[in-house]
Amino acid sequence: MRALVHEAFGEPEEVLHVGTVPLPEPGPGEVRVRLLLSPIHNHDLWTVRGTYGVKPQLPARAGTEAVGVVDALGEGVETLSVGQRVATGGTFGAWAEYFVAPAAGLIPVPADLSDETAAQLVSMPFSAIALLETLRLEPGQWLVQNAANGAVGRLLAQLAAARGVHVVGLVRRAEGVAELAAQGIDGVVATDDPAWREQVAALTGGEPIAVGVDSVGGASSGEVLSLLAENGRLVVFGAMASPIMNLASGDVIFKNITVSGFWGLKVSAAMPAAERGALLGELVTRIHEGALTLPVSAIYGFDDIARASLANFEPGRVGKVLLRP
């Protein structure tokens, strides 16, 4: 079968290519899935670069999230059937015509969800709702996040609003404000405006901001921290611009700020099955309500992986870049 592989770590557009690998056979408790669509996530490409928290052995496959059709059942699998459409958010090597996954980790996809929506249902939306769940914010409270026009930023804003939590979104350019407004997301401020702090104060009406979410790093981390109220919490979700956070010690000390990290993979693995199921149910409900949208920017075939990798980092992109075999 065809799969995307790389023999060295490096820029995805340079090292990823289509290779021929054996068709996998499912073992006990596993199923083989025929891929329909798979999204490209930043962490997928960081893994190809060798800079993510998990570093695979070379030569390596790639991709982690997908929607597909069950093609074969391993011994003892009784909860799924051949021909059933399923989604996964944590199956490494998903960028292949077929992949094998534990049956217990696959989610049956409702018939009224499109392939494009189902392909991106688990990883980023679930990370966003799991993050929101861990923040324990009450309706009416405020949070601030940077990278508000990123995939998780958009999702977090929509999910928080559906729960009655207020969100201030920070973007680095004025165009980002209009892009988010077109998706129905307001409360966004561009930090390239000298008066951006005054705009944040006007949005909140002077109400305290309890939590900040940093997905950028560098000076942007300190900007988020500076907006937090006393006894606030800064949660580090990512480091899009820099692995180093520039934080003012005075803000941390005198406001008694707590700084913590969030890695969705570990949080999801430790979460009780009932809680995980409830959060996934909320995601589907929000999609049906129209409160949560999962747009698609473009769909590329495996042979166009170089173009697809570059498209993932295009400024102003709205929606996920998807791959098909």
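How are helices H4 and H11 oriented to each other? The model is a predicted one, in which local features need pLDDT of at least 70 and side-chain atom pairs count only at pLDDT 80 or more, while totals for chains, interfaces and linings use all residues. Residues are numbered from 1 along each chain as its sequence is written, and side-chain values use heavy atoms, with hydrogens and water left out.

Two packed helices are described by the angle between their axes and the distance between the axes. H4 (residues 123-135) and H11 (residues 273-289) pack at about 115°, with axes 10 Å apart. Here axes are lines fitted to C-alpha atoms, for helices over the stretch in contact, and angles run from 0 to 180 degrees between N-to-C directions. Helices are DSSP runs (H or I, at least four residues), as are strands (E, at least two), numbered from the N terminus. H4 and H11 are therefore roughly perpendicular to each other, a label that covers 65 to 115 degrees, with under 35 counted as roughly parallel, over 145 as roughly antiparallel and the rest as oblique.

Contact (heavy atoms within 4.5 Å) is made by residues including Phe126 and Ile129 of H4 and Leu279 and Leu283 of H11. By class, this contact of H4 with H11 has 7 nonpolar, no polar and 4 charged residues. Ala, Val, Leu, Ile, Met, Phe, Trp, Tyr, Cys and Pro count as nonpolar, Asp, Glu, Lys and Arg as charged, and the others, Gly among them, as polar.

Now turn to H5 (residues 151-162), whose axis comes within 9 Å of that of H4, crossing at roughly 50°. That makes H4 oblique to H5. Among the residues in contact are Ala128 and Leu132 of H4 and Leu155 and Leu159 of H5. The contact of H4 with H5 has 11 nonpolar, no polar and no charged residues.

Leaving aside neighbours within four places in sequence, Leu283 is in contact with residues including Phe126, Ile129 and Leu159.
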